[in-house]
Amino acid sequence: MTAPSTTTSHALPNGMMVLIQPMPAVQSAAYSLLVPAGCIYDREDRSGTASVLCEMLSRGAGERDSRQLSADQDFLGLQRSESVSARHLKLSGATLSDKLPESLAILADIVLRPHLNEDEFEPSIASVRQTLLSNEDEPRQKVMIELRRRCLGLPWGLPSDGSLDDIDRIALDDVRNHYRGCFRAGEAILGIAGQVDPPRVLEQITALFGDWSDAPESEVRHAPPGPPVDHIVLDSQQTQIGLAYPSVSVNDPEYYAAWAAVGILSGGSSSRLFTEVREKRGLCYSVHAALSALKHRGDVLCYAGTTVERAQETLDVMLTEIDRLAEGITDDELNRCKAGAKSTLIMQQESSMARAARIAYDWYLRGAIITLEEIHARLDALTPAKVAEFVRRHPARDLTLLTIGPKPLEMNRAVL
Amino acid sequence: MQFFETRLGNGLQVIAEINPHVHSVAVGFFVKAGARDESSEVSGVSHFLEHMAFKGFGDVTAEDVNRIFDDIGANYNASTGEEVTQFYAAILPEYLPRAFELLAGMMRPNLAESDFDMEKQVILEEIGMYADLPGFTVYEKAMQAHFVGHPLGQSILGSTESISALGVDQMRAYHADRYRAGNIVLAVAGNTTWDEILDLANQYCASWSGGIPERRVFPAAHPPTSQFLHQPTIQQEHLMCMLPAPDAHSPLRYAAELLSVIVGDDSGSRLYWEILDPGYADSADLGYSEYLGCGAYLSYLCCAPEEAANNLRRLRAVLDDIQLHGATPQEFERARNKVAARVVLSGERPMGRLSSLGGNWLYREAYQSVRDDLDLIQSLHLDDLRRLLDEFPLTITTTCGLGPLESVESGN
C-alpha cells in the first residue's frame, strides 16, 4: 500500500491559490477549480445569471468554437463537469495523467478567454429554463432547494439554478457583467491531484494563469430568512419533509462536535434517525440529516419522504430524535462516527477526482491544508461528554419546516 | 495485479483481483436473481428479499448488521435489477473478515415474519417514492412495453398490490431456489490476499446448499408500440424510446457501447449537439443495456411538452443519419478515448473494479483486467460499427411518454 503523499500549496503573485497532491499509485490526474462566481452574486431579479454563465463558458473559448472545444476535450478523454454553488462556479475534470497538460491549457482558455457570444446566449437560457422545469418534477430535490431559501435567507439560500420567474429577464450583458465582476484570480483556488510532478505542473499553471487579473469582490444581496413554517401544495403520493436548524461553521472550534452530533443522528444505517424512523417503524424509505457547513455558518438540514398518512408521525419522530440527542450519547455511537470518517478519508486517497475537489474546497473553507493526521487528532479528541455538552449548548432552535404534498403538517414539539 | 478463481464444492464461484497498491478492499456477492425470475404472484420479491437480507441471520439481529457495518466504517449497499441482485462493501483491509462474515450471513437471512411485515411498509414507501419520479416511472413503463410477454419486462419493485399480497413463505421458497450456491458469484477486488479469501469463503460459504436454478433465456419479440400516460400536473414531458441491441454474449456489445457514446453521451455526442446544446431539452441521452438473450438501447428525453414532437423527430434524424452514414473517424476516435479514460478512472477504486469484475464473471465467466479492456477498446474500428448497424438497425420500436401530453405525433 502506498502512503498518502503530502499536499503542497502555492500562491501565485496574482493571488490565485494552487494546491497539488501527487498520487503515485494512480494513472489519472484531476483538477478542480473554484472561481468566486456563484449564485450569491446574481443581481436582484436576475437569479440564475451564474447558471447561464456556467452554460456559456464552455461554448467557445480562445481559438476554439463550441464544437472544437468539446471535440478537443473529448479527444483527451477528459471527464468534465461545470457547476454552480452559492459561492463558486466550479470547473472540474479528470483524465489519464499524460493528458493533463493539454487539458489545463484548454481550462485556461475557458476561464480567461471565453467567447460569451450572442449566438450561444439564447440556447444557454433555454437550457437553464429546461433544468428549472425539470426541478419542478422532482419534489425530493425541490423541497431541499426551497428549504435552503427559507432557512438561510439571502444570499446563501439562493437557488443555484435560479428561478423560472427571473430566467427570462436575464440579458447577455448581465452574464458578461457577472463574468467580468467575478472571474478574478484573487480568490480562485485550483486543486490538482493524481500522477503528477508538482514542480512541472506548477510551472505550467503559472504560465497559463499568471496573467489573470484580480478585482474587488462584487456585492451580494442580503435578506432575512423565512417563513419558518411553510407548505407547498402538490398532488403527489408522498409528502416531502424538509427540516433545518442552525449549527456552527466549519471554522468554529466546536465544529467536530457538531459534525459528530449529526453523524450520531444520521451517519450510517445504525444512526438514530434511520433506526427509529425506518427500521423500527417502517415509516419511510429515505430519511437523513446532514451538516451543511459553510465558511461562516453551519446548518443541519434534514429530509424525509413518506406517504401522506404517515407524514405527521414521521415528522414527530424526527423531532423527538433531534431533541433526544441532548440526553446523552454512547461511546459506541461516537466510535462508529469516527470509524466512518476515517475510512472515508482513507478511501478518498484512491481517487484523483475526489482528492482534487477536496483539497480545493478545504482551502476555501479553512485557508489551510488540513492533513489526515490533523483530522484524526481532532476526531480522537472527541468524547461522548463533549458532544453531548455541545448539543445542550446548541439545541435545535429556530427550526425551519417546509413540506411539499397534498396536506401541511403540524410542528408538535415542546418549545425549547 | 493478480487474478485468481475457484469454485467451492457446492458450486459457489469465487474470483479475486488482488492489488496491493490500493488502500481498501471491496467484496461483493452477485446473485443471479432479479425481476425476470419472478412469477406474477411474487412480483417484486427479489428486491424485497434484498431488503430482508439486512434483517439478520442466525443470532445476528438487524441492529447488529447495521451497527457492525458502521463500526468498521464500511461503505456498503445492495441493489436489485432485472437479472442480478448484488450486495457489496468496501472496507479497509483489516476489516475484511468482519465485513465478509456479515455479507455471507446476509446470503442466508432469517426471513422472520415480524421483520417481513415491518419491511413491507418500507417497500410500499419506496414504491410511492418512485411513483413521484417521472423519469423512473417512464423507464418502467417502457421496459414493460418493449419486453411485452418477456420476463425482462417485469417490474423490479413490483406493485402496491403484489407486495401487499406477498407472504413470507413465498419469499422463503424463492430464496431457497435462487440463492443456491451455484447461482452466486463471490467477487473481491483490492488490497488482500487470495489465501485470506479462500479461508473466508470456506469458513462462511462452504455449508450453503448447492445447485443451479433454472432461468429461461430467449429472445424478445419487440412489437412496435407507442404508449402515453397523461399526467397534467407534471411540468415536463418524459419520453423513453427503446431499440433492440446486442445481448450480453454478443461480440458486438463493445461496438454498441461505443455507439451509445457517439449518439447519446452527455457531452459532445450527436444528441448533445442536436438537442441539448440548442436548449431543446433538459435530458437527451442514449444508453446501452445488455441482458441475457436480449439487449436494448434506451433513449430518455425530458423536455417542455411543446418541444416533445420536435425532439422525437430530431432523435429519429440522428439515428437515421448514423444508420446510413455511420460515424466519422474523428468521432469514433473521441468515443474510444472517452471510454478508455472512464475505464481507467473507475478502475482506480476497488469499488469501481468490483462491479466490472463481478458483472463480467456473472454473465460470461470471463476475467478482463483494465489493460485487457483498454486493448479491446483500441482494437475496435469503424467496420465493427457497420456490422453492428447492419445486424441491429437503429429503428425505434417502443416509445413511451409521461406528462402533460396525451400523445405525440412526430411523423416518420
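Let me start with chain A, where six strands form an open sheet in the order 1-2-6-3-5-4, with mixed pairing. Strands here are DSSP E runs of at least two residues, helices are H or I runs of at least four, and both are numbered from the N terminus. Two strands pair if DSSP finds at least two bridges between them. The edges of the sheet are strand 1 (8-11) and strand 4 (79-84) of chain A, each of which pairs on one side only. From one strand to the next, the twist averages 10 degrees.

Before going on, the conventions. This is a predicted model, in which local features need pLDDT of at least 70 and side-chain atom pairs count only at pLDDT 80 or more, while totals for chains, interfaces and linings use all residues. Residues are numbered from 1 along each chain as its sequence is written, and chains are lettered from A and ligands numbered from 1 in the order in which they are written. As for confidence, pLDDT is the predictor's per-residue value, from 0 to 100; its mean over chain B is 96, and 99% of the residues of chain B reach 70 or more. For the complex, the predictor gives an ipTM of 0.93 and a pTM of 0.95.

Back to the chain A sheet. Strand 1 and strand 2 of chain A run antiparallel and are joined by four bridges. Ser9(A) has Leu19(A) in strand 2 of chain A as its bridge partner. Helix 8 (residues 198-209) of chain A packs on this sheet, touching strand 1, strand 2 and strand 6 of chain A, and its direction makes about 155 degrees with that of strand 2 of chain A. Contact means C-beta atoms, placed from the backbone, within 7 Å. Axes are lines fitted to C-alpha atoms, for helices over the stretch in contact, and angles run from 0 to 180 degrees between N-to-C directions.

Which way do the neighbours of strand 6 of chain A run? Strand 2 (residues 17-22) of chain A runs parallel to strand 6 of chain A, with six bridges, and Pro22(A) stands opposite Gly194(A). Strand 3 (residues 28-35) of chain A runs antiparallel to strand 6 of chain A, also with six bridges, and Leu33(A) stands opposite Leu190(A).

Is strand 6 of chain A buried or exposed? Six of its six residues (189-194) are buried, so strand 6 of chain A is largely enclosed by the rest of the structure. Buried means 20 or more other C-beta atoms within 10 Å of the residue's own, exposed means 12 or fewer, and partly exposed lies in between. Ile189(A), Gly191(A) and Ala193(A) point one way, and Leu190(A), Ile192(A) and Gly194(A) the other. In a regular strand, side chains alternate between the two faces of the sheet.

Now chain B. Five strands form an open sheet in the order 9-13-10-12-11, again with mixed pairing. Strand 9 (225-230) and strand 11 (283-290) of chain B each have a single partner strand, so one side of each has no neighbour in the sheet. Neighbouring strands are turned by 15 degrees against each other on average, direction ignored.

Next, the interface. The contact takes 55 residues from chain B and 55 residues from chain A. The chain B side divides into 23 nonpolar, 16 polar and 16 charged residues. The classes are: Ala, Val, Leu, Ile, Met, Phe, Trp, Tyr, Cys and Pro nonpolar; Asp, Glu, Lys and Arg charged; the others, Gly among them, polar.

Across it, helix 2 (residues 66-75) of chain A and helix 12 of chain B pack at about 50 degrees, with their axes 7 Å apart. That makes the pair oblique: under 35 degrees counts as roughly parallel, over 145 as roughly antiparallel, 65 to 115 as roughly perpendicular, and the rest as oblique. The residues in contact include Phe75(A) and Arg334(B).

Last, the backbone. Most residues other than glycine have a negative phi, and most peptide bonds are trans. The bond from Leu154(A) to Pro155(A) is cis, with omega near 5 degrees; the bond from Gly226(A) to Pro227(A) is cis too, with omega near -10 degrees. Phi is positive at Asp398(A), near 50 degrees, and at His222(B), near 55 degrees. Asp398(A) counts as exposed, with 12 C-beta neighbours inside 10 Å, whereas His222(B) is buried, with 20.

Definitions and conventions
Contact = placed C-beta atoms within 7 Å.
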